[in-house]
Structure formats: structure tokens, C-alpha cells
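Please keep the sequence and the 3D view open while reading.

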Amino acid sequence: MSTKLIDKLERDRSLTREEWTELIRNRTPSTAGYLLERSQEIRIRHYGHDVYIRGLIEFTNYCKNDCYYCGIRKGNHNADRYRLSKEDILNCCAQGYELGFRTFVLQGGEDGWYTDERLADIVASIRSGWPDCAITLSAGERSRESYRILREAGADRYLLRHETYDSRHYGMLHPPALSAEHRRKCLWDLKDLGYQVGTGFMVGSPFQTPENLADDMLFLTELNPQMVGIGPFIPHHDTPFADRKAGTPELTLFMLGLIRLLLPKALLPSTTALGSIIPNGREQGILAGANVVMPNLSPAQFREKYLLYDNKLCTGSEAAESLRDLKARMESIGYHVTVARGDSLNR
């Protein structure tokens, strides 16, 4: 039955909530093998064997929110806080461009110090300095007007993971000030303003059920984003979820394969979290249908301070200086890192 559902998903690009739930709950190694064969074939059909690289710049680990799973949550008084200056960020871009990066991703906590004016100035300077590059922001929930200002300054893409569609589940992972409904409103605002939009969710987060994942897949069907980033939940020792079990690579790879069938032309990162939980996680993600990796361009002295979860990969092939190692890893599985903006084919 499961392989028939996979065939239906590939053919129709939709399943009912009950079908999604059944497929996820009753998956087997045999089903997973069949799925990942199909997802890899579809990925190659649309993107060949290219792997797009994004230069990740983690520009602040200050955050006004207290999300229960996050290591840089406001309530974590053990976090060593930092902010990158405009000059720091532009230096990262200059280094990244020389290395072959044509997309820069500015990711940070929801830090009020970076007002619309300050962040727009940074974006405009990147746009002026490297006009052939894509600029992606991942700076959390902001107002529609803020998103408009940043778009007009030159931002092309925005990453905002919805984390979980179900409002009740969302409330188990976040403080009462945050809501799943507002998170989704931000995503619709971004799409309406002309951004290439990225969303996503944690796999194996506390209290998550197959029904929750089914709802996430239905939301992806509705939103039709250009990018989807998923990764396993990994606990952080200074959060309320410190003792929770991590999500599994197995389920993460299965969900990656399902997303590739649902959104054949979307950009799918093989995430840092996947690379952190198993040694060859990056490669396995690519073989499951992913086509993006995001090495770290942040200054070396700050990388270990942007600790969203324990044992986060921030050295070795995660460091931009080790791009040669990353290229070798991709080549070992028959793929190659390419110098390109790597825009999504999903419109």
C-alpha cells in the first residue's frame, strides 16, 4: 500500500491527511528505499547533479523570543551573545565571493538592534557590492512593512520555518506570545511581496505525531514555497527540552524524499542539523533528494556561539575554508558543487 501512495504522490503531487499519516506512520526500510530511489531520480531530472552552496552568515545570537527548543533563547543566560557589525558582514561576503559563493544567507535571532533601517542598509550594501549574488534573509517574524522595506533594499529570498502547522503542537514548543497562525501570516506576506520563500519544520520535535507531519505536508502543498528546510530536532542542554530524545536521521531522510516528490522543483537543503547528528548526514541528505548545502561564512570566533542545539557542526566541512573537503564529499557520491545563484525552479 505504501509504495502505491508514493506512486500516487509522484503522479498527483498531493495526498489526503489520512494518506500522509498512513505513509509516515507505516514506513518500512523497504518503503524508504523505494521512496529515496524515486526522490533522487526526480531531483536529478530537474537539477542534474549540481549542489548549490549558500554562504551562511550568522550575524546575531541575540533573540527576544524564548522558544523552548532553542539554545539562543532569551532565557538562556549562559549564551555568550554577539552581534556582527556591517563591516564584519561585508567582509564575510567578500571572502565568500572569492570562494565561489553566489548566495549569502544572513541568519540571526529576532534581535531588535537590527532595525529596518540598519538591516536594509546592510542589504543594500551587499546588493551594491555583489550585484550578481542572491541575498537571503532569515531574521524571524517581522511586520509586513519591514519585509517590504528589506525587499526594496535588495533581498531576494526569506527563510522562515513554520516549525509545525498544528496550533496546539506549536504551543507546546513556544511561549504563549508566539502563535502558529502569526507565523503562517508572515509567510503569506513574504510570498505576496515577491520573495522566494523558504519554510520548513523540525523532524522528531517533542510531542510530534505522524498527524502533525501530515499537516505540515498539507501546508507545504498550499503554500508551494520555493525552498523547504527540514532537519532533526536536536536538544540543547540549556533549554526545557534538554532531556528530550533527538529526532532520527531515518525519519528526516524519509520526509526529505516525500518533499522532493511533493515539490519536485523546490530547493531542499541538506541541513547542518542532519550533518551534526550523523557523520555522513550531508551526503545522505543529497542522496535523498536535497540539492543545497550551506557552509558557514561567519567569523571563526563566533561560530560556536551560535549554538541552536548541542554538538552543532561548525568546523570542518561546515567552515567555508574547508570548501575543498565539502566538494570532495559531494564528488564521492557523484555530485558536484557549482558556482551559481541557484534560484528555485519552483514558481
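## A starting residue

In which strand is the place of Gln-196? Gln-196 is in strand E6, which covers residues 196–199. Helices (H or I, at least four residues) and strands (E, at least two) are DSSP runs, numbered from the N terminus. Residues are numbered from 1 along each chain as its sequence is written. The model is predicted, so local features need pLDDT of at least 70 and side-chain atom pairs count only at pLDDT 80 or more, while totals for chains, interfaces and linings use all residues; side-chain values use heavy atoms, with hydrogens and water left out.

Gln-196 has a relative accessibility of 13% and therefore counts as buried. Buried means under 20% relative accessible area, exposed means over 50%, and partly exposed lies in between (1.4 Å probe, protein chains only). Leaving aside residues up to four places away in sequence, Gln-196 touches Asp-156, Arg-157, Tyr-158, Gln-226, Met-227, Arg-341, Asp-343 and Ser-344. Contact here means heavy atoms within 4.5 Å. One of these residues, Arg-157, is 39 residues from Gln-196 in sequence, yet the two C-alpha atoms are 4.5 Å apart in space.

## The sheet of six strands

Strand E6 belongs to an open sheet of 6 strands, in the order E2-E3-E4-E5-E6-E8, with parallel pairing. E2 and E8 stand at the edges with a single partner strand each, so one side of each has no neighbour in the sheet. Two strands count as paired if DSSP finds at least two bridges between them. Strands of a sheet pair through backbone hydrogen bonds, either parallel or antiparallel.

E3 pairs in the parallel sense with E2 over 5 bridges, and with E4 over 5 bridges as well. Ile-57 has Leu-106 in E3 as its bridge partner. On the other pairing, the bridge partner of Val-105 is Thr-136 in E4, and Phe-104 stands opposite Ile-135 in E4.

How much of E3 is buried? The count is 6 of its 6 residues, so E3 is largely enclosed by the rest of the structure. Thr-103, Val-105 and Gln-107 are buried on one side of the strand, and Phe-104, Leu-106 and Gly-108 are buried on the other.

## Crossovers and helix H5

E2, H4 and E3 form a right-handed β-α-β unit. Right-handed means that, with the strands pointing away from the viewer, the path from the first strand over the helix to the second runs clockwise. The chain then crosses from E3 through H5 to E4, and this β-α-β crossover is also right-handed.

H5 spans residues 116–129, which is 14 residues. At 1.5 Å a residue it should span 20 Å, and its end C-alpha atoms are 20 Å apart, which agrees. The expected span is 1.5 Å times one less than the number of residues. The buried residues of H5 are Leu-119, Ala-120, Ile-122, Val-123, Ser-125, Ile-126 and Arg-127. An α-helix has 3.6 residues a turn, so residues three or four places apart point the same way. Among the elements covering the buried residues of H5 are strands E2 (55–60), E3 (103–108) and E4 (134–138), along with helices H4 (86–99) and H6 (144–153).

## The sheet of three strands

Another open sheet has 3 strands in the order E10-E1-E11, with parallel pairing. Its edge strands are E10 (292–293) and E11 (336–338), each of which pairs on one side only. E1 (residues 50–53) pairs with E11 in the parallel sense over 3 bridges. Helix H14 (residues 323–332) packs on this sheet and touches E1, E10 and E11, and its direction makes about 155° with that of E1. The angle is taken between N-to-C directions and runs from 0 to 180 degrees, with axes as lines fitted to C-alpha atoms, for helices over the stretch in contact.

## Cysteines

How many disulfides does the structure hold? There are 0, a disulfide being a pair of cysteine sulfur atoms within 2.5 Å. The cysteine sulfur closest to that of Cys-63 is in Cys-67, 6.3 Å away, which is too far for a bond. For Cys-186 the closest cysteine sulfur is also in Cys-67, at 13 Å, again too far for a bond. Cys-63 counts as buried at 19% relative accessibility, and Cys-186 is buried at 2%.

## Positive phi in loops

Most residues other than glycine have a negative phi, and most peptide bonds are trans. Arg-13 has a positive phi, near 55°. Arg-13 is in the loop between helix H1 (2–12) and helix H2 (17–25), and at 37% relative accessibility it counts as partly exposed. Asn-224 also has a positive phi, about 50°, although it is not a glycine. Asn-224 lies in the loop between helix H9 (210–223) and strand E8 (227–228).
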